[in-house]
Amino acid sequence: MTRKRDWWQDAVFYQVYPRSFFDSNDDGEGDIPGITAKLDYIKSLGVDAIWSCPYFRSPKADNGYDVADYRDIDPSFGTLDDWKIMIKGIHDRGMKFLMDLVVNHSSDEHEWFRSARASKDSPYRDYYIFREGKDGREPSNWGSIFGGSAWEYNEPTDDYYLHLFAVKQPDLNWENPKVMDEVADIIDFWADLGVDGFRLDAFNNSDKDQSFPDVETAPGDKYGYAGQYYVSRPGVDRYIHELYRRELGPRDLVTVAELAYCPDEKIIQYSSPENEEFDMLYFFDMLNFDQNGYDKFSPTGFRVSDLKKTMDHWIGALHGTGYCALFLGNHDQCRPLSRFGNTNKYRIRSAKTLANAMFFLEGIPYIYQGEELGMTNTDFTSIDEFNDVEVFHYWNEHVTEKGEDPGKILELLNMRSRDTSRSPMPWNAEKNAGFSRTKPWLKVGSEYKNINVEAEDADPDSVLNFYRKLIKTRHGREAVIKGSLSWIGMESDEHMSYIRESDHELLISLNNFSENIVTVSIPESVSAHSMSVILSNMSRETVSGASITLEPWECLTMTGKK
Ligand code: TEU
């Protein structure tokens, strides 16, 4: 089946974190006019579409993923008129715009929840999930994704409400058809204003087993992971299909599903066009391979063979059916360069190699703001410098409650916390990295004097200019969009190399992920063809032969006609 809404299949997306992108009114916070002011920059990358994290009215307990009004812009981000100017600017430049739709939960300050929690007779009571306590405590021992219980006591009605995320993010009750009607209306509202699609936040958590069975807990823990009772249950398919039928399909809107803890057997179902569910799949779990399970704060060390196996797994499963997002970082992860690359001698080379290695795979590349500059993790020197709800939960649990070494926990937070990648975008070498003339809401990374847009724009060999070439080189390539994938040396822990092949094109991407000189044997099926270098981070112009020797962190992409 051919998809009608297919512009995105050859697209590259740019992810904006609005609070940290650009501050147009010098209050220390990025805003919507700030995005508008930088549209020429985004366009200059050659990307096709922008996805922005939320900017709706919100108390920002989870930085906007706690929405208090789905139809209004938070005053700190601007106004609806500012938004209209922004979307016009995006469309005028030939780009598309996807917004975040956060409807697994709302803010506890949303008027629905204010009313629901005040009285059992509220018309909004069933918009949320309230339950009586059991033996003087929570209705079940489910743990929240951010730590602690997933239930919060609600005094006015003497019962508890469910929040899979923070206390201020009560879960919406999708078993109530009125919630569906409300969300369909919200989609309608933004579609009328010109949005091109949505990223559905945490949507595969929307259907819960509302008998709330207790779960097993780790020794010493009060609460346990209850994913088996709320992840990717059948309701998710029903809900998204109904939204598709009512709004998304008829209005030609594109969706990207953020899927956390997604079981393999669901992914074909979610992405098969005939099911009319999601367009692109964004696997939150794609970056779990260098840690213990879902625990981002227990890193196990990076091996490039694990990255290859992970990509092979998801891409292989979807090949011929659907597309996943390709990314190594986002606002929920640390900076890929600090995690997988080299932040010292080979910073620039390795930033280019990480990008080159991902960009020629099958899928839709997503660039998270600042990645195109080769940004590294922000360095925090004390817990007071952080902002994220997840960080504070982790600190309280490990330092305050369990008495673990604060120095060690700080080190871990500097390695893996979400704030490491949420710092202001460095625009130039001036004060506050040119992001704002006032002290920014979150610390600016200390490397901004070297790593910033102005400096990199002027340097032809910068990471930024490599990304521009990379995006241009990727576009429109048959082998990249739908070609087969075969790995060269899948087990190697030094390089990530692969071949993509379609009816008329052969492409080979070689990426040395080590500080060693590495020799890669080229299969005869490729070496027999005349291949030309289309991208190199070492200014190589020609390469041939049955083996290729790569310098430390060198990357190289070549193509040939068949
Ligand atoms: O993320 C979903 C999600 O599962 C993450 O919260 C994840 O568990 C967490 O980052 C662990 O570190 C989305 C958004 O991307 C995230 O920013 C929000 O906090 C979350 O939903 C709740 O809306």
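Two strands count as paired if DSSP finds at least two bridges between them. Helices (H or I, at least four residues) and strands (E, at least two) are DSSP runs, numbered from the N terminus. The model is predicted: local features need pLDDT of at least 70, side-chain atom pairs count only at pLDDT 80 or more, and totals for chains, interfaces and linings use all residues. Residues are numbered from 1 along each chain as its sequence is written, and side-chain values use heavy atoms, with hydrogens and water left out.

**View 1. Strands β16 and β17 belong to an open sheet of five strands.** β16 and β17 (residues 497-501) run antiparallel, joined by five bridges. Ser 484 has Glu 501 of β17 as its bridge partner. The sheet order is β16-β17-β18-β22-β20, with antiparallel pairing. Which strands lie at the edges? They are β16 (484-488) and β20 (532-536), and each pairs on one side only. On average, neighbouring strands of this sheet are turned by 20 degrees against each other, direction ignored. Axes here are lines fitted to C-alpha atoms, for helices over the stretch in contact; angles run from 0 to 180 degrees between N-to-C directions. Helix α14 (residues 463-474) packs on the sheet and touches β20 and β22 (555-561). The direction of α14 makes about 140 degrees with that of β20. Contact means heavy atoms within 4.5 Å.

**View 2. The protein is divided into four domains, listed here by residue range.** Domain 1 takes in 7-107 + 177-379 + 421-470. Domain 2 covers 111-162, domain 3 covers 380-420 and domain 4 covers 483-561. These bounds come from an automatic or database domain assignment. How many Å separate the centres of domain 3 and domain 4? The separation is 41 Å, taken over C-alpha atoms.

**View 3. Three strands make an open sheet in the order β6-β8-β7.** The pairing is antiparallel. β6 (130-131) and β7 (151-154) stand at the edges with a single partner strand each, so one side of each has no neighbour in the sheet. Two bridges link β6 to β8 (residues 159-162). Look for Phe 130, which stands opposite Tyr 161 in β8.

**View 4. Strands β12 and β13 form a hairpin.** β12 (residues 291-292) and β13 (residues 295-299) run antiparallel and are joined by two bridges. Gln 291 stands opposite Pro 299 in β13. Two residues lie between the strands. Gly 293, in the turn, has a positive phi of about 55 degrees.

**View 5. Helices α5 and α6 cross at roughly 40 degrees.** Two packed helices are described by the angle between their axes and the distance between the axes. The axes of α5 (residues 177-192) and α6 (residues 234-248) come within 10 Å. That angle makes α5 oblique to α6. Angles under 35 degrees count as roughly parallel, over 145 as roughly antiparallel, 65 to 115 as roughly perpendicular and the rest as oblique. The crossing is right-handed. A crossing is right-handed if the near helix is turned clockwise from the far one by less than a right angle, and left-handed if anticlockwise. From α5, the contact includes Met 180, Val 183 and Ile 187; from α6, it includes Tyr 239, Leu 243 and Arg 246. The contact residues divide into seven nonpolar, no polar and five charged. Ala, Val, Leu, Ile, Met, Phe, Trp, Tyr, Cys and Pro count as nonpolar, Asp, Glu, Lys and Arg as charged, and the others, Gly among them, as polar.

**View 6. Helices α7 and α8 cross at roughly 45 degrees.** The axes of α7 (residues 264-271) and α8 (residues 304-318) come within 9 Å. α7 is therefore oblique to α8. Their crossing is right-handed. Asp 264, Ile 267, Ile 268 and Ser 271 in α7 meet His 313, Trp 314, Ala 317 and Leu 318 in α8. By class, this contact has five nonpolar, two polar and one charged residues.

**View 7. Helices α11 and α12 are roughly antiparallel to each other.** α11 (residues 389-401) and α12 (residues 406-416) have axes that come within 10 Å and cross at roughly 155 degrees. The crossing of α11 and α12 is right-handed. α11 contributes Val 391, Tyr 394, Trp 395, His 398 and Val 399 to the contact. α12 contributes Pro 406, Ile 409, Leu 410, Leu 412 and Leu 413. Which classes make up the contact of α11 with α12? There are nine nonpolar, one polar and no charged residues.
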